[in-house]
Amino acid sequence: MSFIKNNAVYLLFACAAVVVFFGAIIEGQENMRWGNTYSTTIESFDKGIQEIPIICGDWIGDDETEQRGIENEYIRAEAGAEGSLARQYQEDANRQKVEMNIICGYSRKVAIHTPTRCYVGSGYNVEGKVTFVQVPYKVAKTAPDGTVSTESRIAHFRTALFVRGSEYRRVYWAWKTTEPEWVSPWFPRFTWRSATPLCKLYLSEVIRPNEDVPFEKTAVFDFAKAVLPEIEPLLDGKFGLDQPVSSEKTTTQAAPASSTPKVNPPAEIPLELPALEGESSLPGL
């Protein structure tokens, strides 16, 4: 007992040091200070994103349209995109086109990069306020006995109008985890832990100046009702994980001794990033 009394100050400092040490380790893991950790959920999200069909109901996608933020590695890194897909859809020749941009990654970056940050950084101005809209849709579910039923869902999006020059673009965005719901909290950065795997979805369309069309009459509303049921089973965090690796990727064939190995010329490394202005109508992720 006398030892504790005589060394109380030292013991107090020792306990504090232990608490600080382990606290720093836990905080570092939570905030990914030691780098990204491997996540099977992110792997599944990435596989699911690549499988989003090019035809969703009456909407047909166009993969040939150049979309900024997908090939630009700097933008991908800044946005925390571990997987991504950009595609333009159109229902018919007379209907407005809808641009879809979806990424997956860790909440640390995916949650904080919103159009109010990305679009403004690309020269757009926000006109009006950020508001909330809802998209009701139905998802088909197959029971183990083969019977098919439908479940109702409601996706919650935030939306704002972005203006650059003569372009007026209405953008809608939301996030999801492995749960089926798409949500749009006011403070997404504090809604999820930094290491939480997330998907983020942007839907946008160009509108006429001063256009005041009810959301239920817009092309985005109709497209969202068509694409969200297609997306749900692909982004459950388990999709694709039970698929075996293709034999083409696992089998290595030795080249004949007489053959000369083919050496690809080194890729040309750009000295600076390409200019963002005018690269595409989608300013980022």
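Student: Before we start, what should I know about the model and its numbering?
Tutor: The model is predicted, so local features need pLDDT of at least 70 and side-chain atom pairs count only at pLDDT 80 or more, while totals for chains, interfaces and linings use all residues. Residues are numbered from 1 along each chain as its sequence is written, and side-chain values use heavy atoms, with hydrogens and water left out.

Student: In what order do the eight strands of the open sheet come?
Tutor: The order is S1-S2-S3-S4-S8-S7-S6-S5, and the pairing is antiparallel. The edge strands are S1 (55-56) and S5, each of which pairs on one side only. Strands here are DSSP runs of E with at least two residues, helices are runs of H or I with at least four, and both are numbered from the N terminus. Two strands pair if DSSP finds at least two bridges between them.

Student: And what holds paired strands to each other in general?
Tutor: Strands of a sheet pair through backbone hydrogen bonds, either parallel or antiparallel.

Student: How many bridges does S4 make with S3, and how many with S8?
Tutor: Strand S3 (residues 83-90) pairs with S4 over seven bridges, and eight bridges join S4 to strand S8 (residues 197-207). For instance, Gly83 has Cys104 of S4 as its bridge partner, and Asn101 stands opposite Tyr202 in S8.

Student: Why is S4 called largely enclosed?
Tutor: Nine of the nine residues of S4 (residues 98-106) are buried, so the rest of the structure largely encloses this strand. Buried means under 20% relative accessible area, exposed means over 50%, and partly exposed lies in between, using a 1.4 Å probe and protein chains only.

Student: Let us move to H8. Where does that helix bend?
Tutor: H8 bends by about 25° at Lys225, and Pro229 follows within four residues. The bend is the angle between axes fitted to the seven residues ending at a residue and the seven starting there. H8 is also mostly covered, since 10 of its 13 residues are buried, among them Phe221, Phe223 and Leu228.

Student: How many salt bridges are there in the whole structure?
Tutor: A search of the whole structure finds nine. A salt bridge is a side-chain nitrogen of Lys or Arg within 4 Å of a carboxyl oxygen of Asp or Glu. One of them joins Glu91 and Arg95 at 2.7 Å, N to O.

Student: Which residues form the network of salt bridges?
Tutor: Lys141, Glu151, Arg153 and Glu232 are linked in it. Arg153 meets Glu151 at 2.9 Å, N to O, and Arg153 also meets Glu232 at 2.9 Å, N to O. Arg153 lies in strand S6 and Glu232 in the loop between H8 and helix H9 (247-250), so this pair ties together parts that are 79 residues apart in sequence.

Student: Is Glu232 buried or exposed?
Tutor: Glu232 is buried, with a relative accessible area of 7%. Glu151, by contrast, counts as partly exposed at 34% relative accessibility.

Student: Where is Trp186 placed?
Tutor: Trp186 is in the loop between strand S7 (167-176) and helix H7 (188-191), and counts as exposed at 51% relative accessibility.
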